[in-house]
Amino acid sequence: MFRWLILAVLLSALMVSGYHRARARLGGETIARRREGPLFLILRGVMALVLFGAIVTHALRPEWMAWASFHVPEPIRWVGLVLGVLTIPAVHWVLRALGRNVSETVLTKEHHQLVTGGPYRWVRHPLYTSGLALFFALGLMAGSWFVLLATLIAFGLLRVLVIPREEQALLAKFGGGYWNYMQRTGRLVPRVRAGSTSGAV
């Protein structure tokens, strides 16, 4: 049963994301991914292939991913399902807040606006938070240590490479306005209190 629930959650999240991204492309400027440089193109491609490939393979051909399976108690799998379902409206909330600012890259658009409403009131990169939560949830549902490990690696790459590059571009675009925004928000989770380094993951 969890095989089909995994596919349903993943496809639902992808449909919501695809809808908002298509609207952003139709309504404004797009940025070619090649402008990010070869390193980011390779990283995105490899991580997408690993995460999506592992999840889809587990759902459609679980015997091919048996080597990556470990025992997850059924109640924990149901927790994963609840978390996964919650990421679907979360993705909608994030992308709706971004509107035409949705980008496929870490670069900013010419008419990019600084969004500080919706989930961006507390977190600077809630879309990454939602994506990580989605694959963590799918990893629990699948009982796959490989998916969970790949999600952890994705977190590390986002934290060390992607987010600093994106914030550098946003600082160049918005200057002090973005700097002030950084001081009151966390990267991936809300700050515990203003001025605190706690929660600035």
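Modeller: The structure is a predicted model, in which local features need pLDDT of at least 70 and side-chain atom pairs count only at pLDDT 80 or more, whereas totals for chains, interfaces and linings use all residues. Residues are numbered from 1 along each chain as its sequence is written, and side-chain values use heavy atoms, with hydrogens and water left out.

Colleague: Which order of elements does the protein show from the N terminus on?

Modeller: From the N terminus on, the order is α-α-α-α-α-α.

Colleague: What is the radius of gyration of the protein, and how does it relate to the globule rule?

Modeller: The C-alpha atoms fill a box of roughly 50 × 35 × 30 Å along the principal axes. The radius of gyration is taken over C-alpha atoms, and the globule rule is 2.2 Å times the number of residues to the power 0.38. For 201 residues the rule gives 17 Å, and the protein is as compact as a globular protein of that length because its radius of gyration is close to this, at 17 Å.

Colleague: How much of the protein is made up of buried residues?

Modeller: A residue is buried under 20% relative accessible area, exposed over 50% and partly exposed in between (1.4 Å probe, protein chains only). Contact means heavy atoms within 4.5 Å; among contacts between residues at least 6 apart in sequence, 76% join residues at least 24 apart. Of the 201 residues, the buried share is 43%.

Colleague: Which helix do the buried residues of helix 6 pack against?

Modeller: In helix 6 (residues 176–184), the buried residues are Tyr 178, Tyr 181 and Met 182. They lie on the same side of helix 6 because they cover an arc of only 105° around the axis, the arc being that of the directions from the helix axis to the C-beta atoms. An α-helix has 3.6 residues a turn, so residues three or four places apart point the same way. The buried residues of helix 6 pack against helix 5.

Colleague: Which residues make the nonpolar surface patch of about 610 Å²?

Modeller: Patches are made of residues with over 30% relative accessible area and no salt bridge; like charges are joined within 9 Å, and nonpolar side chains (Val, Leu, Ile, Met, Phe, Trp, Tyr) within 5 Å. Leu 149, which has its place in helix 5 (residues 145–174), counts as partly exposed because its relative accessibility is 41%. The patch is made by Trp 67, Phe 70, Trp 145, Leu 149, Leu 152 and Ile 153.

Colleague: Is Leu 148 buried or exposed, and which residues does Leu 148 touch?

Modeller: Leu 148 is found in helix 5. With a relative accessible area of 19%, Leu 148 is buried. Not counting residues up to four places away in sequence, Leu 148 touches Phe 70, Phe 136, Gly 139 and Leu 140.

Colleague: Which side chains meet in a salt bridge of 2.6 Å, N to O?

Modeller: A salt bridge is a side-chain nitrogen of Lys or Arg within 4 Å of a carboxyl oxygen of Asp or Glu, and the whole structure holds two. In one of them, Arg 61 and Glu 63 meet at 3.7 Å, N to O; Arg 61 counts as partly exposed at 44% relative accessibility, and Glu 63 likewise at 49%. The salt bridge of 2.6 Å, N to O, joins Arg 124 and Glu 167.

Colleague: How many residues apart are Arg 124 and Glu 167?

Modeller: Arg 124 and Glu 167 are both buried. The pair links distant parts of the chain, with Arg 124 in the loop between helix 3 (74–98) and helix 4 (126–142) and Glu 167 in helix 5, at a separation of 43 residues.

Colleague: Which residues is His 20 in contact with, leaving aside its neighbours within four places in sequence?

Modeller: His 20 is found in helix 1 (residues 2–27). At a relative accessible area of 8%, His 20 is buried. Leaving aside neighbours within four places in sequence, His 20 is in contact with His 92, Leu 95 and Arg 96.

Notes:
Accessible areas come from the Shrake-Rupley method with a 1.4 Å probe; for residues, only the protein chains shown count as cover. Helices (H or I, at least four residues) and strands (E, at least two) are DSSP runs, numbered from the N terminus.
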